[in-house]
Amino acid sequence: MGEEITLNITRYNPDKDGKYTTQRYSIPYKNDWSILDALNYVKAELDGSLTYRWSCRMAVCGSCGMMVNGTPRLTCSTYLNEFYPKEITIEPLANFPVIRDLVVDINDFMAKLKSAKPWIIRKNKRDEDDTSKEYLQTTGQMDKYYQQTLCINCTLCYAACPVYGLHPDFLGPAVIALGHRYNKDSRDEGKADRREVLASEHGVWKCTVVGDCTEVCPKHVDPSAAIQRTKVDSAINWFFSFLTGRK
Amino acid sequence: MAHSMNSISGKTEATKTYRRDIPNTWWLKKGSYFLFILREISSVFVALYAIFLLIQLCALSGGQERYESTAAVFKSGWMIILHVVIWVFVMYNMVTWFRISGRIFGAKPLSPVLVTISNYIIWLIVSIGIIFLLLKG
Ligand code: SF4
Ligand code: FES
């Protein structure tokens, strides 16, 4: 018998007993296995009913986020050797309703994402359809928003944010970071369109700068900084509209 | 409730989701949450210090006698202890906001470390200036 490691995995099946419980599994320990590999082993060898999301296995698709020992992590890029020989607790991402086992409902996030209009908006709507037009950009202009383009919508930042947990109306870190990304894009003209969402009572001003969103982000998007910069932009805009009387 | 598409029937079905409660002690779960709450509490002490300062300024404008009786209260043991506590919280508040301001204003071509260090340098210069003025006076 080789080395083993114990996984404590959350189970929830609304169609069966509807109980939210934890199940223990002992599996072989392999130094190069990710948590996702371990879950795949459980599903293939021990319990085919275990349900979880994954796709790319290379930290790109953003679908395998779970709470690993209480911290939101991408399970495809978190390895057993970080925890061995201690037990590992794997739970669904915090702050989201659980659909089944380790799968959470992110519809709320998807709706909020759309509301922040994360795409290039032009004042002249014909520009948006005209594919023949070129919009040149310097590297300096691209630097202003590049960091936020790295977001993979994994929602780990939502699971880390106590404000989102306590006030589910809050737009949340990634949505604001992506709104900010387009606001900072020199090709975009939709700042005013996004303002009513980003600067609303459920937008940036709900953030109390806990900062954990930035700590857990696997792509170093730094959503916390994006939120604070959006606050500065929105305060400056308010100040000038106050002075000039324009809306 | 979440809605999912049944791949066989093609119909949308409602699924009963499980919502986890957040306990009132959520901020004790992680060091970073606890430090955040400490920062929030520290602002109460910052406000308290501002009130104390205003009380002293009012006393000063009320003549020598009134100022001296107010100063006597501020020199009492419990007031000194309270001021030490206030000082600790104000320092903590300052350190955390200096770090956060680095994050806010530290975008390229600046960097968060550069902004935070500049804050400390300005703070040091202003503090030395005030100490110098007080000693001179
Ligand atoms: S900001 Fe980071 S943690 Fe949040 S969804 Fe994007 S990649 Fe994930
Ligand atoms: S499986 Fe795609 S990010 Fe982990």
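Predicted model: local features only at pLDDT ≥ 70, side-chain atom pairs only at ≥ 80, totals over all residues.
Residues are numbered from 1 along each chain as its sequence is written, and chains are lettered from A and ligands numbered from 1 in the order in which they are written. Local features need pLDDT of at least 70, side-chain atom pairs count only at pLDDT 80 or more, and totals for chains, interfaces and linings use all residues, while side-chain values use heavy atoms, with hydrogens and water left out.

In chain B, helix H3 (residues 77-105) and helix H4 (residues 112-136) have axes that come within 7 Å and cross at roughly 140°. The two helices, H3(B) and H4(B), are therefore oblique to each other (angles under 35 degrees count as roughly parallel, over 145 as roughly antiparallel, 65 to 115 as roughly perpendicular and the rest as oblique). Residues in contact (heavy atoms within 4.5 Å) include B:Met91, B:Phe98 and B:Phe105 of H3(B) and B:Pro112, B:Tyr120 and B:Trp123 of H4(B). By class, this contact of H3(B) with H4(B) has nine nonpolar, four polar and two charged residues.

Turning to ligand 1, the residues around it (a heavy atom within 4 Å) include A:Cys151, A:Cys154, A:Cys157 and A:Cys217. The shell around ligand 1 has 10 nonpolar, two polar and no charged residues.

Over all chains, the structure holds 17 aromatic pairs (ring centres of Phe, Tyr and Trp, the last by its six-membered ring, within 6.5 Å; planes under 30 degrees apart count as stacked, over 60 as edge-to-face and the rest as tilted). A:Tyr20 and B:Tyr18 form a stacked pair, at 4.2 Å centre to centre and 5° between the planes. This pair joins two chains, because A:Tyr20 lies in strand E2 (residues 20-28) of chain A and B:Tyr18 in the loop between strand E2 (12-15) and helix H1 (31-61) of chain B.

Methods:
Axes fitted to C-alpha atoms, helices over the stretch in contact; angles between N-to-C directions. Helix = DSSP H or I, 4+ residues; strand = E, 2+ residues; numbered from the N terminus. Nonpolar A, V, L, I, M, F, W, Y, C, P; charged D, E, K, R; others polar.
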